[in-house]
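This report was prepared for a reader who has the sequence and coordinates at hand. Please consult the structure shown below while reading.

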Amino acid sequence: MTAMSALVRETSTKATPIWPVTEADYESWLGGRAESGRAWLKATGFKPTAGRHVLLATADGGLAGVVLGLGDGADMWAWGELPRTLPAGAYRVEGKLDPDKATRAALAWSLGAYRFGRYKQGDD
């Protein structure tokens, strides 16, 4: 069995934040970040298109958070690849999602994490 990532509801300090940002809100969101974070996002060429994400590091090389692009905000599947591509651990959504978008994000995360492995040997 492989290590998995979990999306948690609690605002635990141990859970890594995920900042979901739309194309429309990206510039204002970016203005609230530390200079090092802004520089990193610029250096990586990050654009908040649906499903694109980038990891942000702490000063000592740890995982500070994840920036998730939502595009126009309509594509719930932007969340779907995160459980398989993020480092194993607990994650929480930083910021507010309306109830419908939160439900869709949780569904996409859950379906993205699901693997039917009954007849498969080894890790996928």
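The model is predicted, and local features need pLDDT of at least 70, side-chain atom pairs count only at pLDDT 80 or more, and totals for chains, interfaces and linings use all residues. Residues are numbered from 1 along each chain as its sequence is written, and side-chain values use heavy atoms, with hydrogens and water left out.

**Overall make-up**

The protein has 4 helices and 5 strands, arranged along the sequence as β-β-α-α-β-β-α-β-α. Helices (H or I, at least four residues) and strands (E, at least two) are DSSP runs, numbered from the N terminus. Of the 124 residues, 32% are buried; buried means under 20% relative accessible area, exposed over 50%, and partly exposed in between (1.4 Å probe, protein chains only). Among contacts with a separation of 6 or more, 62% are between residues 24 or more positions apart, where contact means heavy atoms within 4.5 Å. The protein exposes about 8,000 Å², of which carbon and sulfur atoms supply 54%; accessible areas come from the Shrake-Rupley method with a 1.4 Å probe, and for residues only the protein chains shown count as cover.

Strand β4 (residues 63-69) is largely enclosed by the rest of the structure, because 5 of its 7 residues are buried. Two strands pair if DSSP finds at least two bridges between them. The pairings of β4 are tabulated here.

The hairpin formed by β3 and β4 has 5 residues between the strands, and Gly-61 in the turn has a positive phi of about 95°.

**Gly-51**

Gly-51 lies in the loop between α2 (35-44) and β3 (53-57). With a relative accessible area of 30%, Gly-51 is partly exposed. Apart from neighbours within four places in sequence, Gly-51 is in contact with Leu-68, Gly-69 and Ala-78. The C-alpha atoms of Gly-51 and Asp-75 are separated by 8.4 Å, the two residues being 24 residues apart along the chain.

**Arg-92**

Arg-92 belongs to strand β5 (residues 89-93) and is buried, with a relative accessible area of 14%. A polar atom of the Arg-92 side chain lies 3.3 Å from the backbone oxygen of Ala-15.

Note on methods:
A polar contact is a pair of N or O atoms within 3.5 Å; within protein, one must be able to donate a hydrogen and the other to accept it, and residues adjacent in sequence count only if both atoms are side-chain atoms.
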